[in-house]
Amino acid sequence: MLLRLCLAQITLWCFVIFLSIEVGAGLYETRVIVPRWSASPPESVWEWADLRATNAQVAINPGTRFWIYIAPAVGLSALLAFAFSFATGGAHRKWRLIGTILALVVVAATFIYFVPNIMLLLGPNSHNIDGARVKALTNQWVTWNYLRAATGMVGWLAALRAFSLPVER
């Protein structure tokens with residue numbers, strides 16, 4: 001039983017660390033990077049896609065340089081922290097479950113919706129998409145991204161709350 005509680009704490013530590021990195025990076029990307037390519041679609045989207053295609057070595061491309069590593073790390077650590085939640089009890093378990101479930105929702109939404117759509121918008125074939133569709137997809141992506149960032153922040157705060165509570169059996 002002591003081993004399970006120790007593993008529960010270790011998984012929570014890892015989860016909070018990875019989620020902290022993801023939430024911070026997500027807020028930075030939402031406030032700094034996304035407005036640069038989504039400012040006036042479709043032109044800004046096509047310009048950003050062209051910049052990434054012609055200057056691949058130096059272009060800002062967080063998907064392949066950062067998110068491809070941190071999103072699976074958050075997902076795996078959330079799954080482990082979720083599994084070990086049942087070794088704990090009380091308010092600690094409640095907040096831990098809220099944090100892990102919200103993080104898993106964010107990771108799932110990232111791979112199901114955000115990645116395919118950002119690849120469509122900023123990929124090499126983005127010029128083949130009608131301008132009105134690019135504008136609609138961009139506006140939808142940006143709107144849903146705010147919701148994803150808020151959900152990640154709430155999950156992170158819930159995980160920190162669990163982190164601050166004693167582990168009960």
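Predicted model: local features only at pLDDT ≥ 70, side-chain atom pairs only at ≥ 80, totals over all residues.
1. Helix α1 (residues 2-38) packs on helix α3 (residues 62-83) at an angle of about 145°. Their axes are 9 Å apart. The crossing of α1 past α3 is left-handed.

2. On the α1 side, the contact with α3 is made by T11, C14, F15, F18, L19, I21, E22, A25, G26 and E29. α3 answers with P62, F66, W67, I70, A71, A73, V74, S77, A78, L80 and A81. By class, the residues of this contact are 16 nonpolar, 3 polar and 2 charged.

3. α1 also packs on α5, here at an angle of about 155°. The axes of α1 and α5 are 9 Å apart. Angles over 145 degrees count as roughly antiparallel, and α1 and α5 are therefore roughly antiparallel to each other. Their crossing is left-handed. The contact of α1 with α5 holds 19 nonpolar and 7 polar residues, and no charged ones.

4. The largest pocket has a volume of about 820 Å³. Its lining counts 38 residues. Closest to the centre of the pocket are P62, G63, W67, V115 and I118. P62 and W67 also belong to the α3 side of the contact with α1.

5. Which helices each supply at least two residues of the pocket lining? They are α1, α2 (43-54), α3, α4 (90-122) and α5 (131-164). The lining of the largest pocket divides into 25 nonpolar, 9 polar and 4 charged residues.

Technical notes
Residues numbered from 1 in each chain as written. Heavy atoms only, no water. Axes fitted to C-alpha atoms, helices over the stretch in contact; angles between N-to-C directions. Helix = DSSP H or I, 4+ residues; strand = E, 2+ residues; numbered from the N terminus. Left-handed = near helix turned anticlockwise from the far one by under 90°. Contact = heavy atoms within 4.5 Å. Nonpolar A, V, L, I, M, F, W, Y, C, P; charged D, E, K, R; others polar. 1 Å grid on protein atoms, 1.4 Å probe; cavity = no way out; pocket = protein on both sides within 12 Å on 5 of 7 lines; lining within 4 Å. Points joined across faces, edges and corners; volume = space filled by probe spheres on them. Parallel < 35°, antiparallel > 145°, perpendicular 65-115°, else oblique.
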